[in-house]
Amino acid sequence: MNATDNRPQVRRVLLLTLILNLLVMGLKFIVGFLTGSLSIQADALHSFTDSANNVLGLVSNQFASPQPDREHPYGHQKFEALGALGIAVFLGITCLEIIQRTIERLFQGTNAINLTHWELWILILVLGINIFVAFYERHIGRKLNSSILIADSYHTMGDIWITLVVIIGLLGMWLGESWEIPQLQWLDVILALPVAILVLKSGWEVVRENLPWLVDEIAIPPEVINRIALQIPGVINCHDIASRGVVGQQVFIELHMIVATDDVEIAHDITEAVEQKLEEYFSPVRVLIHIEPPDYQSPKISFSDDSEEAN
C-alpha cells in the first residue's frame, strides 16, 4: 500500500504561514530599526529564515510525491526530509548571524533603547501570530504526517521563546532607564546569546527528526516483525528482516520466510496474509517477502550478530 498524497493540504498550510511570517518579519524589522535593539533585529533576521523556510518547503513539497515512478520506484518523500534539513541549515546560519552581531556590539558598545508603548504592543501581536502558526503547523503536520510542517513548527516554536526573551529584555532595559541603572542597557546584548542557543536547539531537533529517514535507519524492530509474521498459520521461520522509512508515513519491509508447504499457490496466500497483517500495524507499508526452502531456515532474525532466535 502506498502513502496518501497530502501535498495539496501541506501546500495550503505553507502558503498561509508564509504570508504570516512575512508580516511578522516586517513588523520586527520596523520595531528593531526604530528602537535600535540588537535582540529585536536578530529576532527579525530569524523571522526572515522562517519565510525562506516556507519557500523551501513549497519547493520540496512540489517534488515530494509519495507515488512511485520509473526513476523513483520508492516514491519521492525524501525530498520533504531534505527540505526539513534545509530548514536546519537556515537555523544554523541564523545562529551564526546572531552571535556575530552580538560580538560586534560588545566591542562597539551598547546604545540606549527607545521603546514606546505601541512598539511593545506590536511585539505582543507578533508573539500571538507565532503561537498560532506554531500550534497550527504542528497540528496539521502530525495529522498529515508531514515532516516539513513539523520541522517548520519547531522553527516557529523557537520564534515564540525568542520573542518572549526579547520582550522581557526590553522591559528590563526600560525599567533600568526609569530607575537610572545604565548597566541594564546591556541586557539587549546579553539576551541575544540565549536567543542564538534557542535557534541552534531548534535546528538540532529538526536534524534529529529527519536524519533517520535519509540514512535508512531501522523503522521497526525486526523482532516485532518476526513476531507478527509467525502469527500467520503456515509460517515456520523468518530471517534477514529489514525495514526503513517512517511509521505512519511510509515504511518498506523486506524479509526471508519459510512456509510449511511446497505448493506455490498456498505459499503465495500465506505471504499475502503476512503482508496484510503488517499493513494493519504499520500502514502505509510496502512488503517484499522472499520464500525459501526449509534448508535455509535461520535463527538470524536481522543483520546484527546478536539477533534473537526466530523460534
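**View 1. Glu 280 and its partner Lys 277 in a predicted model**. Glu 280 counts as exposed, because its relative accessibility is 56% and exposed means over 50%. Its partner is Lys 277: the two form a salt bridge. The closest N and O atoms of the pair are 3.9 Å apart. Lys 277 has a relative accessible area of 24%, so Lys 277 is partly exposed. Both residues belong to helix α9, which covers residues 264–282. They sit 3 residues apart, about one turn of the helix.

**View 2. A salt bridge between Arg 244 and Asp 216**. How many salt bridges does a search of the whole structure find? The search finds 2. One of them joins the side chains of Arg 244 and Asp 216, at 3.8 Å from N to O. Arg 244 is in strand β1 (residues 235–246), while Asp 216 is in the loop between α7 (192–214) and α8 (222–229). The pair therefore ties together parts that are 28 residues apart in sequence. Is Asp 216 buried or partly exposed? Asp 216 counts as partly exposed, because its relative accessibility is 37%.

**View 3. The open sheet of 3 strands**. Follow the strands in the order β1-β2-β3. Their pairing is mixed. Which strands are at the edges? They are β1 and β3 (285–291), and each pairs on one side only. From one strand to the next, the twist averages 15°. Strand β2 spans residues 250–259. With β3, strand β2 pairs in the parallel sense, over 7 bridges. Look for His 256: opposite this residue stands His 290 in β3.

**View 4. Helices α8 and α9 across the strands**. Start with α8. This helix lies across β1 and β2. Its direction is at about 135° to β1. Now turn to α9. This helix lies across β1, β2 and β3. Relative to β3, α9 runs at about 150°. Helix α9 also holds Lys 277 and Glu 280, the pair from the opening view.

**View 5. Glu 97 and Ala 196**. Glu 97 lies in helix α3, residues 78–108. At 30% relative accessibility, Glu 97 counts as partly exposed. How far apart are the C-alpha atoms of Glu 97 and Ala 196? They are separated by 8.6 Å. Along the chain, these two residues are 99 residues apart.

How values were computed:
Residues are numbered from 1 along each chain as its sequence is written. This is a predicted model: local features need pLDDT of at least 70, side-chain atom pairs count only at pLDDT 80 or more; totals for chains, interfaces and linings use all residues. Side-chain values use heavy atoms; hydrogens and water are left out. Helices (H or I, at least four residues) and strands (E, at least two) are DSSP runs, numbered from the N terminus. Buried means under 20% relative accessible area, exposed over 50%, partly exposed in between (1.4 Å probe, protein chains only). A salt bridge is a side-chain nitrogen of Lys or Arg within 4 Å of a carboxyl oxygen of Asp or Glu. Two strands pair if DSSP finds at least two bridges between them. Axes are lines fitted to C-alpha atoms, for helices over the stretch in contact, and angles run from 0 to 180 degrees between N-to-C directions. Contact means heavy atoms within 4.5 Å.
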